[in-house]
Amino acid sequence: MQDYLQLVLVSTAIDLALLLPFFLAAYVTAKPRPSPRPALLFAAFVLMDVALIYSHRVLPLIPSWGGWNWQGKFLEAAVPVLLALLLPAAFPAVRMGLKLPEQRSRWRALPIACVLYALIGIPVMLLMGAHLGINTDTPRAVFEATMPGLGEEIMYRGLLLLVLNEAFGRPWKFAGIQLGWGFVIVTAMFGFIHGIEVKAGGGFAVNFYWSAMIFPAATGAVLAWLRERTGSVWPSVLFHNFVNTVNDFLV
């Protein structure tokens, strides 16, 4: 339990510390000045998210088929959905993006994103040293094609983006969407979490892999664009899992 608490608290503290400059900029530039309550709520949800991700270490409820964290991703997706069901006034499903796009034409953004990833993302990864191959097995293939998109999109581009958009609004227009500091903060956070490794138990260590943050941050910007463009997290879920599945063939 001690290792678990250390892992959760340190991971959360690092994430929030790295995001602090973005929050300061958001509060300084926002008009009217927002209450600090949304930032505190955001911090509480980040702490909850990290606790859920690592929950299998203290209370394994779902088998980790293939060594993958099915439990963490399932709980990460389930909690925002439960909030929308139990507290619809505070966390409306529509504004959290839990409903399908209202207009069918909005779905066009998904194939556009997939084609752009094939034309830009894959060549960039190949230039960075990756090469084509098979880097998967059945458990990994099933996991990558389902769980990361469900858990991370519903939490980050659903719940967390809702909290920030409600606090700071979406005053800017770019690439056909309205966006604000929520877009920036969630995208930055998505990059940070992919480049920070915290180890607890058998020796405590924190490693920063700054280069590993760039590609997830760029992908996160596309995911956030899809969310804002379509008004739904589901195109982002599909694109997220598409990217992960394609990456299984880059080694």
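Biologist: In which loop is Ala175 found?

Modeller: Ala175 lies in the loop between strand E1 (172-174) and strand E2 (177-179). Helices (H or I, at least four residues) and strands (E, at least two) are DSSP runs, numbered from the N terminus. The model is predicted: local features need pLDDT of at least 70 and side-chain atom pairs count only at pLDDT 80 or more, while totals for chains, interfaces and linings use all residues. Residues are numbered from 1 along each chain as its sequence is written, and side-chain values use heavy atoms, with hydrogens and water left out.

Biologist: Why is Ala175 called partly exposed?

Modeller: Buried means under 20% relative accessible area, exposed over 50%, and partly exposed in between (1.4 Å probe, protein chains only). Ala175 has a relative accessible area of 46% and is therefore partly exposed.

Biologist: Which form, cis or trans, does the peptide bond from Lys31 to Pro32 take?

Modeller: That bond is cis, with omega near -5°. Pro32 belongs to the loop between helix H1 (2-29) and H2.

Biologist: How do you know whether Gly67 and Asn69 are buried or exposed?

Modeller: The relative accessibility of Gly67 is 64%, so Gly67 counts as exposed. Asn69 has a relative accessible area of 18% and is therefore buried. Gly67 is placed in the loop between H2 and H3; Asn69 is found in the loop between helix H2 (37-53) and helix H3 (70-86).

Biologist: What does Asn69 touch, not counting residues up to four places away in sequence?

Modeller: Contact means heavy atoms within 4.5 Å. On that count Asn69 touches Ile53, His56 and Phe143. The side chain of Asn69 also reaches the backbone oxygen of Ile53 at 2.6 Å.

Biologist: What makes the pairing of the Glu144 and Asn244 side chains a polar contact?

Modeller: A polar contact is a pair of N or O atoms within 3.5 Å; within protein, one must be able to donate a hydrogen and the other to accept it, and residues adjacent in sequence count only if both atoms are side-chain atoms. The two side chains make such a contact at 3.2 Å. Glu144 is placed in helix H6 (residues 138-144). Besides Asn244, the residues that Glu144 touches include Trp68, Asn241, Thr245 and Asp248.

Biologist: Why is Glu144 called buried?

Modeller: Its relative accessible area is 11%, so Glu144 is buried. Across the protein chain, 46% of the 251 residues count as buried.

Biologist: How do you know whether the radius of gyration of the protein chain agrees with that of a compact globule?

Modeller: The radius is taken over C-alpha atoms, and the globule rule is 2.2 Å times the number of residues to the power 0.38. For 251 residues this gives a value near 18 Å; the protein chain has 18 Å, so the two agree. The C-alpha trace spans about 50 × 45 × 35 Å along its principal axes.

Biologist: What is the secondary structure of the protein chain?

Modeller: The protein chain has 10 helices and four strands, in the pattern α-α-α-α-α-α-α-β-β-α-β-β-α-α along the sequence. Among contacts between residues at least 6 apart in sequence, 73% join residues at least 24 apart.
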